[in-house]
Amino acid sequence: MALAKILWVDDEIESLQSQKMFLENKGYEVTTLANGFDAIEHVKNNLVDVVLLDETMPGITGLETLARIKEINQQVPVVLITKNETENLMDDAIGSQITDYLIKPVNPNQVLLSLKKIIDNKRLVAEKTTTAYQQQFRELFMALNNNPDYNEWMEIYKKLVYWELEMEKSDSPEMQEILASQKQEANTEFFKFVSKNYAKWMNPKSSEAPIMSHNLFQFKVLPHVEKGIPVFFVLIDNLRFDQWKAIQPIFAESFRILEEETFYSILPTATQYSRNAIFSGMLPVDIQKQFPSQWKNDEDEGGKNLFEEEFFRAQIKRLKKDDIRCSYTKVVNHQDGQNLVSNIHNLLNNDLNVIVYNFVDMMSHARTEMEVLKELASDEISYRSVTKSWFEHSALHQALKKIADKKIKLIVATDHGTVRVNTPYKVVGDKQTTSNLRYKHGRNLNYEPKDVLAFKDPREAGLPVPTVNSSYIFAKEDGYLCYPNNYNHFVNYYRNTFQHGGVSLEEMIVPVVKMISK
């Protein structure tokens, strides 16, 4: 069977017989025609994989033929072959969606290379990806077993995400499976690492701790604030590192990316804890002390994230930066988004603008409830794809594009990530126990110690003590915590949903990216 069906259109086709034979010897089926009208008819009535098209022909030119072929079959790749190297012809041709461009006289190997690029590109990329990952597999395996520190864990996770994105190009379910199990193994080791070190990181005297939610602002945002160049700090809620990588090319069209880093979300990896920690610059145990009436525990009535702006302004004051002009904007619905687009120019008068954008979190929660979203974001690949599609058409993207030509600095970060859960763990608790799936706190919690990271004294984890004898537990890897009553319904309803609050690479190691206008 032929590798592909090639249509070669040229008014001097007789002189190209040796080229035709060369391609046929390589396994291609080549049909030759001498003018554009015949070519259009041929494409109408036959299956064609690639068209090689001469630009200068009597009767109807190559570019006219190209336009008519594209009307019949938008997808067919066309390689334009011409003597004419003028720039405006190239622009015309590229604007008309040619796939490749060759200058006469063409060498047979040149044509072969172009065909390989077009037809075999996917296969070659997939094969190369698979081979490259096989080589890296061992390195990753060694790194995992080499007792990594918190910096090395960030590098391991970035590499796993890199390969996950590369594997999308590969059609090898076997390799994707191997990568998935390597990622699972990484999460198992990461859980042990966090269990061993988390309490140490929470100790204010510890010099060995990563940048985390509560000091992100101090170390990754404030140092970039200077008079005359406004800084926009955009916090997109619940954005995993792989989702950032999916929207990165859209940012790169308007902004120059200077630093792409990660930091650690505090536990629980949930908005009310990690985002309040970012804006207050404090651990939850200290927020509760400083702002007793504003801090709400999980079971308290009232909004858990209504005081971010107040926390943020208090942090600026505490860090003796109250001379900077700031704004705080929160987008939680469509109208807020439209207001941001209209108002973004006015924000250029400030030194620092905080924009909190809620969407990804709403999407992950809605996905649990709505069948249509389960279908749209059924796995990691489609979850990234939906995120990308959202961002491309979002008010946030529109607003940022409006100021991309101004001299600004842009810092994009998130509060925590999310993980797809598949392994149920039984937990028994009293009525006061919280309902979250990836973490719980309450008195008299009953659980299997190996399934969770537990803090009998919440203060060791930098957390307030909601009631006497309250302890916190955090789910590991892809686990979710279920009560024994109505257990099977609960397990099936939440299996394969995206949740957050626990300990996993996806929830804890999250992006902070610094950009400037181009």
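Which element gives the largest share of the lining of the largest pocket? I started my notebook with that one, and the answer is α8, with six residues. A reminder to myself before going on: this is a predicted model.

**Entry 1: the pocket**

I looked up the volume next, and the largest pocket holds about 540 Å³ of space. I found 19 residues lining it, and the closest to its centre are E164, A180, K183, E380 and R420. Then I checked which elements give two or more residues to this lining: they are α7 (150-167), α8 (173-202), α17 (380-392) and β11 (419-420). I also sorted the lining by class, and I got 10 charged residues, five nonpolar and four polar.

**Entry 2: the sheet**

I moved on to a sheet and traced its strand order. Six strands make up this open sheet, running β7-β18-β10-β6-β9-β8, with mixed pairing. At the edges I found β7 (255-264) and β8 (326-331); each has a single partner strand, so one side of each has no neighbour in the sheet.

**Entry 3: strand pairs**

I went through β6 (231-236) with β10 (409-413) and counted five bridges, the two strands running parallel. I picked out V231 in particular, whose bridge partner in β10 is K409. V231 also stands opposite L352 in β9. Between β6 and β9 I have six bridges, again with a parallel run. On to β8 and β9: six bridges join them, and they run parallel. Here I noted that K330 has V356 as its bridge partner in β9.

**Entry 4: a closer look at β9**

Is β9 mostly covered or mostly open? I found it mostly covered, with six of its six residues buried. I wrote down both faces: L352, V354 and V356 lie on one side, N353, I355 and Y357 on the other, and all are buried. Two of these names were already on my page: L352 from opposite V231, and V356 as the partner of K330.

Terms used:
Residues are numbered from 1 along each chain as its sequence is written. This is a predicted model: local features need pLDDT of at least 70, side-chain atom pairs count only at pLDDT 80 or more; totals for chains, interfaces and linings use all residues. Side-chain values use heavy atoms; hydrogens and water are left out. On a 1 Å grid over the protein atoms alone, a cavity is a set of points where a 1.4 Å probe fits but cannot get out, and a pocket is an open set with protein on both sides within 12 Å along at least five of seven lines; lining residues have an atom within 4 Å of a point. Grid points are joined across faces, edges and corners, and a volume is the space filled by probe spheres set on the points. Helices (H or I, at least four residues) and strands (E, at least two) are DSSP runs, numbered from the N terminus. Ala, Val, Leu, Ile, Met, Phe, Trp, Tyr, Cys and Pro count as nonpolar, Asp, Glu, Lys and Arg as charged, and the others, Gly among them, as polar. Two strands pair if DSSP finds at least two bridges between them. Buried means under 20% relative accessible area, exposed over 50%, partly exposed in between (1.4 Å probe, protein chains only).
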